[in-house]
Every structure is written in structure tokens, then in C-alpha cells.
Protein chains: 2
Amino acid sequence: MSLDLRIDKNKDEAAYFQIYEQIRALIIRDALEGNSKLPSIRALSKALEVNSITVINAYNMLEKERLVYKKEGSGTFVIPKGEDLLLSAEPAMYFEPGELDMELEYDEEYIDFSISSPDPKLFSIKDFRRVMNEVLEEDGAKAFMYQKSMGYTPLRDALAGYAKGYGINCSPDDVYVVSGAQQGIDIISKALVRSGDCVFVESPTYSGALAAFKSRGAKLVEVPISEDGPGIKELERLVKLFKPVLFYTMPNFHNPTGSIYSERKKRYMLLLARKHDFRILEDDYSGDLNYTDSRLLPVKAYDSNERVIYLKSFSKIFMPGFRLAYMIVPEDIRKKAADAKIASDISTSGLMQRILCKYIEKGILDKHISYLRKEFSVRYLEMVRAIKKCMRGVSFFEPKGGLNLWIKLPEAINSQELYERCKEKKVIFSPGTFYYNDGRGQDHIRMSFAASDIDRIWEGISIISMEAEKMRS
Amino acid sequence: MSLDLRIDKNKDEAAYFQIYEQIRALIIRDALEGNSKLPSIRALSKALEVNSITVINAYNMLEKERLVYKKEGSGTFVIPKGEDLLLSAEPAMYFEPGELDMELEYDEEYIDFSISSPDPKLFSIKDFRRVMNEVLEEDGAKAFMYQKSMGYTPLRDALAGYAKGYGINCSPDDVYVVSGAQQGIDIISKALVRSGDCVFVESPTYSGALAAFKSRGAKLVEVPISEDGPGIKELERLVKLFKPVLFYTMPNFHNPTGSIYSERKKRYMLLLARKHDFRILEDDYSGDLNYTDSRLLPVKAYDSNERVIYLKSFSKIFMPGFRLAYMIVPEDIRKKAADAKIASDISTSGLMQRILCKYIEKGILDKHISYLRKEFSVRYLEMVRAIKKCMRGVSFFEPKGGLNLWIKLPEAINSQELYERCKEKKVIFSPGTFYYNDGRGQDHIRMSFAASDIDRIWEGISIISMEAEKMRS
């Protein structure tokens, strides 16, 4: 294909921007058909007498805007109308290590609204020591041997009982212990997703999941969600169009938005999964942290056809350092999941599993969760109050549960810039861009109240609001 | 292509076997060209008026014998002569979960020669308790927060120092902590291997590595090795033919054979890696367990061009329940490895990392390794003696290090059958089939002396030899 493009050297705009604008205009007014191929980078840079980097930049901008897609080894193509929700599926990861790192190591010097696991003050070392000593007395060094890759049998028994509390009926055979929820997502990707398969994700969503799916070469399709989940008609349309193998979802207190799927939508999602033969990976990272009296069940509780793989992290309700989570896996994919677990890390630490097992058996975990729920509900309310009081022009949904608020910033304020300014003042949060694949989210920030007590919540939010005010003036 | 095949219903042989034999003959006498396509399963089953399962069985037999290969979605093809070392690369895993499980959970009732990590009796709970308490006193609940995904900084410092003891010059920035060596292999696969890429493995080799590479859709090529490593000319021929991206190798006390690469071969491998632009993943699972006075360096110690990713497990010299290993990663692939680690499990348990760090800093780990080396060297000698004395007609290489012996059985004895018989008598080991991809290894067993004391070694070996004698008569 040859396009009639021109670069005007007298114009203020850079050459790459002129190329971008002209191709963009052609696509928008339908002068270029869906799936038609753009000129190769070499050909176009030669024809326009520009550096190849110039053309690459222009194509990258078009890709970011989802007007074109790249196919490895074959070139750049126009995205057909109506399919603009298809994300690119480069096997490369999305985030810079630096970006996530900041989230990963707790530093008391900072008021940290980015980390969404409990601060260390809420964890009783005394309890831990007691439980640990009991484990060592009972099992001695046996606790340090390999465990069955599916998990330590008494823990699987305990977890099957534990899941009943969420309305999930399962047997210990259904339960797989994994080394944290991220590993659960990775294992299910290995078991179910092949290169080129389509995986649905919510938009926005948890970037660790995007990384795991992309690493498998999945095509990602975003499902827009509102406060009570995705639009039903829209979801059905997308399912028919893209035939996903998997839908990764956080239906209760969604991360980052706090959305709560209505029961009707949970049931409808199951119906679709059955009709169109895909699986649902339900990441129930904070379903226990409900600050109201109403009962919220996971999708798995409504699943009578083994469509749902249920995944529950202990990083939010216990401590992340244990690296423990569990999955409830439908029978027909259990062998694949077991193989994928072995290929991932053979088995999860037997010592940690025994400790969690004792925490559950002795009722300490339940008590701890009740304590966290109470503590977090106070922090939640204070954060809502502090933001309403201090931050001018923002808006947000009040989930009454979970660990985060998803704050829409006023137009003048860019989340990345606000982040940089606040970091200087030792206050951090997560810019909205973390939850998208392509640089969107500049207008949002995620504020977690898990790791900060009330004083720090007020102090941190007043600092953020001061910085925001400075950006307006 | 249409083949002139016939099924003779009067013959004793099953239909699938007749198909297999006829195609096999055609391939062997070069009547079918390399890479030519066999008829589709549907077409052939229709032409011969047989069930499609019959054709599938015949093709599977040809595939096992490595006369044909399958390409997903396009059919079955003849393997060109001289490329018969190319293994199939189905994304499916190899082993049945049951097969490996047996290796995974320690059961005192059995005399266990299959497990290759220390038995619990060799681990001091007292030391552990002391170290653990120090960690809790110093860091409190902070030890339970997320760590940086590359690892706990003081541990990375300690490990960089530790690696110097093996002649490896590296900085803490080069060191990545992972949750066990299997995860290290998985992470490097994610970082470097794309679907269709060629990965070299030794033959035989550790099956967990095969699983990780296959899960990435890698094409596996086997490199035959003898007591001092692969044939140099053969290796070069294979490298030129298949252009690998990675060579997974255990150059010191190879698992399962015990082979030790000569220094010349280690250096030559590096030369090839540089010349033909591939990486070496060196799994140094037991290099410390050398029972002679001669010094054995890892390949990484000779690597002046950043070709080697060095991987060291602590499961063999500490305890597997910690799920700890570390990698030394060349600078240019560090970002990819970091992304892959995040996508795998975010980070490794901070508590376990702190404990290992203290073990190293206080010199307890060094003392423990010396102790294990002494203990294992005695067990090694006793096992060699016991096998020579009790087991008639076997032969094996004496590595004078590591954790295993690779025993060639007399012709009359099949490893799988011997395994089943011995298991009844509460003695287990690893049948040789575990270390191949396709059912070979019937004539070998791997005997590990790590988890059994001297009495159990003699008792277990006398039971195995009795069962073997029964099989002869």
C-alpha cells in the first residue's frame, strides 16, 4: 500500500507527529480498510526521507490510540471498526520494574497509600511465635521437606471448610495451595492459555494479571465495568466477537475501582461462560473485607457447572510475606493445573502451610480477620471523610468494603505529576496508569487505606491536596 | 500425499501396528522425504476404513520413535534424517502428577532413594529457632511484608559474597533471589524462550526443566553426554543445525548421571555460546557436594562474556521447605528476568530470605554445608559399596560427588517393574524413565543417598537386589 503522505518542514509539529496525524485522519474517515497493512517502516522512512525512528514513533502513537495493531514479523495493520477493544499482545511485559518496586517494599518513612496489604503493626508476632513453636514441636524438621505440589493435606482440609463460610461447596481435592495469588494467575495461564488465545480482563484491572497473560502470548480484550459490573449486553457482544478462553475478574470490591458485581450479573456471567464455553478466574482478593451487614458471595458460590476457578490470596487478610493463596479448581482442569504448579515451583513452602493451617484450626485467623475488618472499616470511613473534606473537585465511588478508593481527579491534574510531587513530600499512592495497559488512567489515582493509621491518613491526604492545589495555580 | 498402505485383516497384528510398520519402512528406506506431510488422520482413516483412533495410535508410535513430528494445526511430518534428536514440543507437560508426587512428600515408612534432598535428621531445629527469633526481634512484623522482587537487599549482598567462594565474580545487582530452582528455570524460560524457540537439554536430564521449557512451547533438542560432558564436535554440529536460544546444563555432578564436565568442555561451551549467540542456564544444584580434594568450578566462573545465567538451589544444601534459590543474571537480560519474576509470584518470602541471610552472615550455613558434605560423602561410599556387593550385573559411573548414582540395570530387568516391586517392600528410587521425555530409561535407575542413613542404605539395597534376583528367575 502506498499512502499519499507529506511532511512539511516549515510546520511546528515534529515529523513523526505529522505522519501520525495524516494516517489517523485516513483511518478515521474510513479511507483505510480494517486489517489493511500500513507501509513498512523502511519503505515509509525512505519515501518520506526521514529516520526510521520517526516512523516508528508515529506508528507507536497510532497503536497506543488503538487505531492500528502490530503483528510480529509481518507489520502494522489497521484495526477494523468495532474491534478497538482488542489490546496488543506483545509477549513483553508492561510495567517498568521501578514502577512496581515502589509498591513492593514497605518503608516507614513514607505515608504509603499504594500498598494494599496490612501494615506490620496489625500483625501479632506473639501469635506467630506461638504457632510456629507448636509446628516445630509437632513436626520438627519434617516441616522443611517438600510438600505435595497441590498442598499440605491438613491445610487443604481446613481450606475446604473455610470456603464453606463463603457459600462455596467444595472438597479438599478441589483445593490447591499456591505461593500467592500472582502465582495462581500464572498457573492458570499456563494451564489454560496458549499463544493467541483471547483472555478478557476488566478495564481497569490489576497489572500483575496483565503481565501473566501477556507472558503467555494471550490477546487481551478489555471489558469496561461500572459500579455494579460490566454492561450485560456489551459483555455478550464481546464474548461472541472474541471467543475468550478465560475471563479474569474481581467481582467483589474490584481492584482498583471498588466495583461490586450485582448478583444478577454474577449469574449472567456464569450463564455466558457455560453457553460460550469459557472459564472465569475469580480473584477474590478482599471479599472478606465487607464493612456493611449485607452478605456478598463470590461468583464461585453460584457456580453449578464448574466454570469458575476461585482464587483467594492471604496477602490482604494475613500477611503478604507468607506468600500463600489457594485456588478451587474444577475437576477437568486439575491435572493441567497440577502440572503447571510443578513447572512453576514444585510446591509451596511446607512450613508456611503448616503455620497457616494452625492459624485456621485454632481460630486465630478468623479472629485476626475480624480484627482487620474492624480496623479497616474505621480507616475506610476516615479516608472517605478526609478526601471529601480536603480534596477539591475529585469524585469517587464508595464501595464500603475492600482496601482502596479509586479517585477521579479534576481535569487540571495529572496523576503521574501529582505522584511525583507527593513522593517528594514522602506521601505515595498508585497513579491510575498502573491499571491500564497503554498509558490511560492519567485522570485517576488509587488510594489504599490498608497500611496507614488514621493520623497518617489525614496527614497524607492533606499533603496530597496541597500539592494538587499548587498544580492548579 | 497418498501412500500405498494396506491392512490385512487376517494378520495377527493390530491395524494400527500394521500402519505404523508400513510407514516406518517407507521412512527408513527414504521413500518419504524429510518434512513431507503424512496424510491427515481423517483422510487415512477413511481410505483404510479404520477408526481415526487407529491412525492416531500409529502416528503416535512413529512420533515416539522420532520418525515423525507433529505441527499443531497443520499435521504430521517426516523428520529429516540427522535431525532425529529434535523432541516434540507439545505445550502439554510430560509427567503424570502421581509420578512426581512420590518424590515430593517425605514418608519415614519408606526407605527413600528417590528424594535428593537431606533427610530431616540432618537439620538443626535449634539453630533454626535461634535464627528465627533473632530475625523477629530485629525486624518484627516488617519481615512479613512484600520484599523487592529481586530479593531482600542484605541477602543479595551476602549471596554475592558467597558466590565468590565458587570463583564467581559478581555484584549484588547481579543476584536475584527466587523461590527455588524450579522457579528460576521457569523465570528464565519466560524471559528468554518464545514459542518455537529451540532449547538444548542434556540427555537424560531433570524433568522439571523439560516441563518448564515445554510449557513455553520450546522445541527441545537433546545433547547426549558421557562422563565428562557432551562430545565437542557433536555439540557444535547440533548448535549449527538448531540454533538454540538456551542450553540448560548441570555441568558438575549432573542429574541424574553424575557426569562432570571437564574444564576444557566448560570453556568450549562458552566459546560456542559466544560464537552462536545463545545463553547457558547453569543449574548448579550440588556443586558444593564434592567428596574429593580437587576443586570444581562452575561454568559461570569462566564466563567473561555474560553468556551464563547461574542458578543455585538451597534445597540440597539447606532444606527444600525454604523454597529458596538464587540466580546470577547477565545485565542485558535483567529487566526481562525481573518482569518474569513479578509475573510469577511478585516476590519471594521476606521471612525466609531474612533467615537465610542470617544463616550466611553468622557462618551457620557454611558449617552446615561442611557437615552435610562429610555426612553425604560417607553415605556415598557406603552406597557404592552396597551396590557393588549386592547388585549383580549392574554398572555405574562413580562421580565422587553430588547426591545420586545412575545405575545401569542388567538387560533382564526393567526399571519400572523393579520400582513397582520394591515399592511394595517400602523401598523407592527413581526409575530412569523420569529423566527422558519419551519412555526411554527403562534400563536405568537413579539412586539418591541424601535422605537415607547407612543402615537404611544397606537395608534398602539388599531389598532391591532381592527383587531384582526374583525378576531374573
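Contact here means heavy atoms within 4.5 Å. Keep that in mind as we walk through this predicted model, where local features need pLDDT of at least 70, side-chain atom pairs count only at pLDDT 80 or more, and totals for chains, interfaces and linings use all residues. Residues are numbered from 1 along each chain as its sequence is written, chains are lettered from A and ligands numbered from 1 in the order in which they are written, and side-chain values use heavy atoms, with hydrogens and water left out.

Let's start with A:Ala337, which lies in helix α11 of chain A; helices (H or I, at least four residues) and strands (E, at least two) are DSSP runs, numbered from the N terminus. A:Ala337 touches A:Tyr176, A:Ile187, A:Ala191 and A:Val329, leaving aside residues up to four places away in sequence. A:Tyr176 is 161 residues from A:Ala337 along the chain, yet their C-alpha atoms are separated by 8.8 Å. With 1% relative accessibility, A:Ala337 counts as buried (under 20% relative accessible area; exposed is over 50%, partly exposed in between, with a 1.4 Å probe and protein chains only).

Helix α11 (residues 334-345) of chain A packs against helix α7 (residues 181-192) of chain B at an angle of about 95°, the axes being 5 Å apart. Axes are lines fitted to C-alpha atoms, for helices over the stretch in contact, and angles run from 0 to 180 degrees between N-to-C directions. So α11(A) is roughly perpendicular to α7(B) (65 to 115 degrees; under 35 is roughly parallel, over 145 roughly antiparallel, and the rest oblique). On the α11(A) side the contact uses A:Ile342, A:Ala343, A:Ser344 and A:Asp345, and on the α7(B) side B:Gln182, B:Gln183 and B:Asp186.

How do the two chains relate overall?

Now for a helix pair inside chain B. The axes of α1 (residues 15-28) of chain B and α3 (residues 52-64) of chain B come within 8 Å and cross at roughly 45°, and α1(B) and α3(B) are therefore oblique to each other. Further along α1 of chain B is B:Leu26, which is buried at 15% relative accessibility. B:Leu26 touches B:Leu3, B:Leu5, B:Ala31 and B:Leu32, again without residues up to four places away in sequence.

Most residues other than glycine have a negative phi, and most peptide bonds are trans. B:Asn35 has a positive phi of about 70° although it is not a glycine, and at 43% relative accessibility B:Asn35 counts as partly exposed. B:Arg323 also has a positive phi, near 50°, but B:Arg323 is buried, with a relative accessible area of 6%. As for cis peptide bonds, one runs from A:Asn255 to A:Pro256, with omega near 10°, and one joins B:Ser203 and B:Pro204, with omega about 0°. B:Pro204 sits in the loop between β5 (198-203) and α8 (207-215) of chain B.
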